[in-house]
Amino acid sequence: MFAFIVPVAKRMLFRLLPLAFLLTVHNISAQPIYSITGKVTDAQTGEGIPFASIALKGKSVGTQSDFDGNYKLTVQTLADSLVTSSIGYITSRKPVSIVAQQTINIQLSASAQQLKEVIVRTRGQDPAYRIMRKVDEHRSKNNFAEINAYECEAYNRISISVQNLSEKFKQKRIIRDIYQKLAQIESLRDKNANLVIPIYLSEAISTIYFKKNPMRMKEIVQKSYSKGLGIADNDFITQLTASGYNTINFYQNWIGLFRKEFMSPLAKGGTGVYTYFLRDTTQVGLHTCFRIDFDPKNTRDLAFRGTLWIDTTSYALVQIDANIDKTANINFIDKIQIQQEYEQLGEKEDTWMPEKTRLVIDASELFDKSTGVVIGLAINLKDVIVNKPKELAFFDAPVEIRADSKEADDAFWTQQRQEKLTKDEQLSLALIDTVSQVPSFRRLSKAVNFFVNGGYVRLTKAVELGSAFFSYARNNIEQNRFWLGMRTSPGFSKKWQINGYLAYGTRDKILKRDLEITYVPSTAPLTRFGLKANLDIDQIGIRQEDIGDNALFRLASRFGRSNGAFYQRDYQVFFQKDFSQNITTTLTLRHRAFYPLDYFYPEEFSKERFSIVTPFNAPEASFALRYIPNRIPSRNPNRIRTRAGKSAPVIGLKYTFGHVSDTLLASVGSQLGNYHIVKVDFSHMLRFGLFGKTDYTIEGLYTPSLLPINLLNVHLGNETFVYAKNAFNLMNYSEFASDRYLSLSFHHSFEGLVTNRIPLLNRWGLRTFAVGKLLYGSLRVDNEELVSKYFESSPEYLPQLYLPKSIGPTPYVELGYGIDNIFRFLRVAAVHRLTHLNAPGTRSFGIRAAIHVSL
């Protein structure tokens, strides 16, 4: 029986197998497939949130948003809600419908509750630390800055908008006027409650070139445009909106943003600042990645919080979401967010390039119950070519702007932009034109520009008057000093610059004047010609040309009693040319005529006596050479701007040859003639991680020549209440003079190293710093005798001023310490003078203050 059943069963089984297979396939194919798509955006800014986690509640399946916030989730079973989370945002839960395809757009609100510090102790070290060590081992292979050369096309977009308007601020007349104007636009009628007011939008397409050895970078701006409210459209804005931040590189130890430096989570020694947690492995495009969260150990430190995606095979950075919130010791910022997406390139695909970068800065309310500002920057790189370096001479001009860069219509941008404008950005272009027509906004723009431009008032498109901050001063020579300045704006010319001023004293009744004309024939490389004519009063030991760009110190020095004052006529012709990206040279021909007030008692001074004084003349020629690595060119020769995160030393050398003849001193037996002066300076910044950074300068001067006091180096003192970094803050005016000297000055900023760790103080954002100055100098016997003869010619005036003397074998030393960021704009320093305390009028201790605003 059994022998009969088995063959029959086998035949039936083989006949049923095909049917069973077909039924199985039918059942599988009949299983429903559900698709959910959408976009994750910031509820306030409308910007897409990249790398957000999206999952069905209670299910193990999920996905993450792409770089622009878009996502797609395909599943076979649904749940009642969709859960979305991202660092720094409140988790969102959205209901899910039982349909085959649906779109669920998600808006996440920033988390108002600050994260409290949580210490987690486990047995052994989190696996993330081992992965981070591997990242460090593969750093040179994966870091795009280690490529011998590359070039690529960069698309850049920057937007600035005003938002988060408080109810009180909305009642301001200007805001009511803007809302009434915007209400006329049909598409905005339902959005007025949370309306974003755009004030600037720009785009640029550039070609970027990089060479590693020697390190050079160059950018050629091919096309650009900008539209803004009250923001000048000049070359500086064009460069900013181009690739100012296309070199954000998390493989570097420090990320430089707005003159602040934040420690990278990939930095060597990052484990001293960050805590790392391995969450899971996930798929990012074609790459399987470790997903690692990182948090700063101290939330007040200048460090990021976010997530890294590290390739499991090459240990390269694939994606990063790095955030800084208001808990960090920074001013005026609620949040900084940087996202980057990397992709492999090269024949062996062993190097990774940041193809997409997003930088969003959410500025806080400057005043209580006012408004905030959001700045967004998007950078896309494409068409990367590696290891085809250009000749070194190609990099002589680090930035070039094509002459036809502004000649592109809307059709061009629609076709060429790598990233389409969002609906909000398209609307922004129209809103900018609309808001600019509001009269109250025009008035506000003028007021804002007045303060931003240093007190200058725009008269026309080409001319500005000011600065109002220097319009009045009072001293014993001029009594009441009135001042009016003028300068041209970029609307006048991009090649010509003209500025000058008129000043008048009610006591001396002499009209002081200054005129400077500069011609810039080329910015690639930078070339400048100029001439200057000046007649004004100056003072031994606090010459205006030595003060630099410290506006408050310059203004304070015009008040009070002027000892050792003199008039000076000054004519200059200068020529500046950049011979390479890092080297700039300047040739100056100068003729000065000095009219010392020491020849007569100041109280007897009159305009008529000035007209009969015989000056001594000093024609001279000087050549200056400066080496500035990583320099960003500026038409202002006194402003040195370098690329973020770079700290190579700046070296300067200046040689001066001149001739002087003083009839007064010749009459007392002093022989003057040709003179030579050599001056060198070396400045550098050192970084010490959490311990802050030090800026130091070494400076030296030597002259073998016999010089009158007006040409000698009389060291810059300070008798005002203003703290000046380039002055000796407890040295009196004209106290010391040298014909050879060596000085060292340093300023160490501890940032929040101390205050961030003290309860209560860490909430105020205070920062500490230390300063020091040391000066070795001497005065040859013949120059010292000449100084004495100079003042012997006017003995009645001698008691009223300090007789400049040699420093001698004991150096001048002063040390100080202070608190910065008081009320976010004030710096106070306590300074101690340690040597040369026996001279009359010296002070061993002083308090100095300065206005200092920084991030």
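**Entry 1: a cavity**

I started with the second largest cavity, which holds about 100 Å³ of space. My note on terms: on a 1 Å grid over the protein atoms alone, a cavity is a set of points where a 1.4 Å probe fits but cannot get out, and lining residues have an atom within 4 Å of a point. Grid points are joined across faces, edges and corners, and the volume is the space filled by probe spheres set on the points. The structure holds 8 cavities of 30 Å³ or more.

This is a predicted model, so I kept its limits in mind: local features need pLDDT of at least 70, side-chain atom pairs count only at pLDDT 80 or more, and totals for chains, interfaces and linings use all residues. Residues are numbered from 1 along each chain as its sequence is written, and side-chain values use heavy atoms, with hydrogens and water left out.

Next I looked up the lining of that second largest cavity, and found Asn475, Glu478, Ile537 and Arg558 among the residues there. Strand 28 (residues 526–539) gives the largest share, 3 residues. Strands here are DSSP runs of E, at least two residues long, numbered from the N terminus. By class I noted 3 nonpolar, 5 polar and 3 charged residues. Asp, Glu, Lys and Arg count as charged, Ala, Val, Leu, Ile, Met, Phe, Trp, Tyr, Cys and Pro as nonpolar, and the others, Gly among them, as polar.

**Entry 2: salt bridges**

How many salt bridges does the count come to? I got 25, taking a side-chain nitrogen of Lys or Arg within 4 Å of a carboxyl oxygen of Asp or Glu.

I checked Arg487 and Glu464, whose side chains meet at 2.8 Å, N to O. Arg487 lies in strand 25 (residues 479–488) and Glu464 in strand 23 (residues 463–466), so this pair ties together parts 23 residues apart in sequence. Arg487 is partly exposed at 25% relative accessibility, while Glu464 is buried at 10%. Buried means under 20% relative accessible area, exposed over 50%, and partly exposed in between (1.4 Å probe, protein chains only).

Arg305 also pairs with Asp295, the closest N and O atoms being 3.2 Å apart. I then found Glu478, Arg481, Asp508, Lys512, Asp536 and Arg558 linked in a network of salt bridges. Glu478 and Arg558 also turned up in the cavity lining.

**Entry 3: cysteines**

I looked for disulfides, pairs of cysteine sulfur atoms within 2.5 Å, and the structure holds 0. Cys289 is buried at 0% relative accessibility, and Cys152 is buried at 4%.

Terms used:
On a 1 Å grid over the protein atoms alone, a cavity is a set of points where a 1.4 Å probe fits but cannot get out, and a pocket is an open set with protein on both sides within 12 Å along at least five of seven lines; lining residues have an atom within 4 Å of a point. Helices (H or I, at least four residues) and strands (E, at least two) are DSSP runs, numbered from the N terminus.
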